[in-house]
Amino acid sequence: MSETVTDPQRPIERRAAPPPVLRLQGIERHYREGAGRLSVLSGADLSVSTGEIVALVAPSGAGKSTLLHIAGLLERPDKGDVLIDGNSVTAVTDADRTAIRRNKIGFVYQFHHLLPEFTALENVMMPQLIRGLPRKEAATRAEALLAYMRLAERKNHRPSELSGGEQQRVAIARAVANAPRLLLADEPTGNLDPTTAHYVFDALAALVRASGLAALIVTHNMDLAERMDRRITLSGGKVVEL
């Protein structure tokens, strides 16, 4: 059997690296304040790649929520471009923005916002049913996610029957139920005691790594921020690496 010998003079073909899941380019956002104008973001640039967890740490009023809302297509920038998987989504229609949020972006907030009348399982099924998945398929995926978050035995409990940490883990499972590409979290452990906060963060980080998500997490918890891949802040309306 003959062996194929690689020509040492032939250049090695290298595959181009995939684009960042999230890229913000030259983002500007201004608000009217009385007779003047308040500039919150002034040429902000940011990229977050697959499997990466980025901490956004900044004082109140610096523009963290505005940046997160623009990244999550909840707000349009006055100038600049938002790209998801290399595709510009800044100027798409409202209907397309809604579809992108539903299919490609997961949100986790400081307050879990679970539906109180539904069980943990039903809460995680809900975004899948809205997307149009059959109920049986949605239930199977929801059960798998709750099991991954160590909540299998709590799947039939309503939010009022769960601890704060359990509620937030259900919220994380719900956020990734539609297999998004990007996870945006706003103080996801802000209402939890330190021990529970670390436990919830560990669960979130493991899910990001296993799913190949890109995650941007706003936090005031420097202990947790130090455990993320990168730390950024906002200064003068721009993103600055820490």
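## Packing of helices α5 and α6

In this predicted model, helix α5 (residues 164-175) packs against helix α6 (residues 194-211) at an angle of about 15°, and their axes lie 10 Å apart. An angle under 35 degrees counts as roughly parallel, and α5 and α6 are therefore roughly parallel to each other. The crossing of α5 past α6 is right-handed.

On the α5 side, the contact is formed by G165, Q168, R169 and I172. The α6 side contributes T196, Y199, V200, A203, L204 and L207. Sorted by class, the residues of this contact are six nonpolar, three polar and one charged.

L192 is placed in the loop between β7 (182-186) and α6. With a relative accessible area of 17%, L192 is buried, since the cut-off for a buried residue is under 20%.

Apart from residues up to four places away in sequence, L192 touches G164, G165, Q168, A197 and V200. Among these, G165, Q168 and V200 also take part in the contact between α5 and α6. The C-alpha atom of L192 is separated by 17 Å from that of L151, a residue 41 positions away along the chain.

## Packing of helices α3 and α4

The axes of α3 and helix α4 (residues 135-148) come within 8 Å and cross at roughly 125°. This angle makes α3 oblique to α4. As α3 passes α4, the crossing is right-handed.

From α3, the residues A120, L121, V124, M125, Q128 and L129 take part in the contact. They meet R135, E137, A138, A139, R141, A142, E143, L145 and L146 of α4. By class, the contact of α3 with α4 comprises 10 nonpolar residues, one polar residue and four charged residues.

## N123 within helix α3

N123 belongs to helix α3, which spans residues 120-131. A relative accessible area of 1% places N123 in the buried class.

The side chain of N123 reaches two backbone atoms: the nitrogen of L115 at 2.8 Å and the oxygen of F118 at 3.2 Å. When neighbours within four places in sequence are left aside, N123 is in contact with L114, L115, F118, P159, V170 and R174.

## Positive phi values in two loops

A179 has a phi near 50°, a positive value in a residue other than glycine. This residue lies in the loop between α5 and β7.

E187 likewise has a phi near 50°, again positive in a residue other than glycine. The loop between β7 and α6 holds E187, and L192 is also placed there. E187 counts as buried at 11% relative accessibility.

## The chain as a whole

The protein chain contains seven helices and 10 strands. Of its 242 residues, 46% count as buried. Taken along the principal axes, the C-alpha atoms fill a box of roughly 80 × 65 × 40 Å.

Among contacts with a separation of 6 or more in the protein chain, 70% are accounted for by residues 24 or more positions apart.

Key:
Residues numbered from 1 in each chain as written. Heavy atoms only, no water. Helix = DSSP H or I, 4+ residues; strand = E, 2+ residues; numbered from the N terminus. Buried < 20%, exposed > 50% of the residue type's maximum accessible area, 1.4 Å probe, protein only. Polar contact = N/O pair within 3.5 Å; in protein donor to acceptor, adjacent residues only side chain to side chain. Contact = heavy atoms within 4.5 Å. Axes fitted to C-alpha atoms, helices over the stretch in contact; angles between N-to-C directions. Parallel < 35°, antiparallel > 145°, perpendicular 65-115°, else oblique. Left-handed = near helix turned anticlockwise from the far one by under 90°. Nonpolar A, V, L, I, M, F, W, Y, C, P; charged D, E, K, R; others polar.
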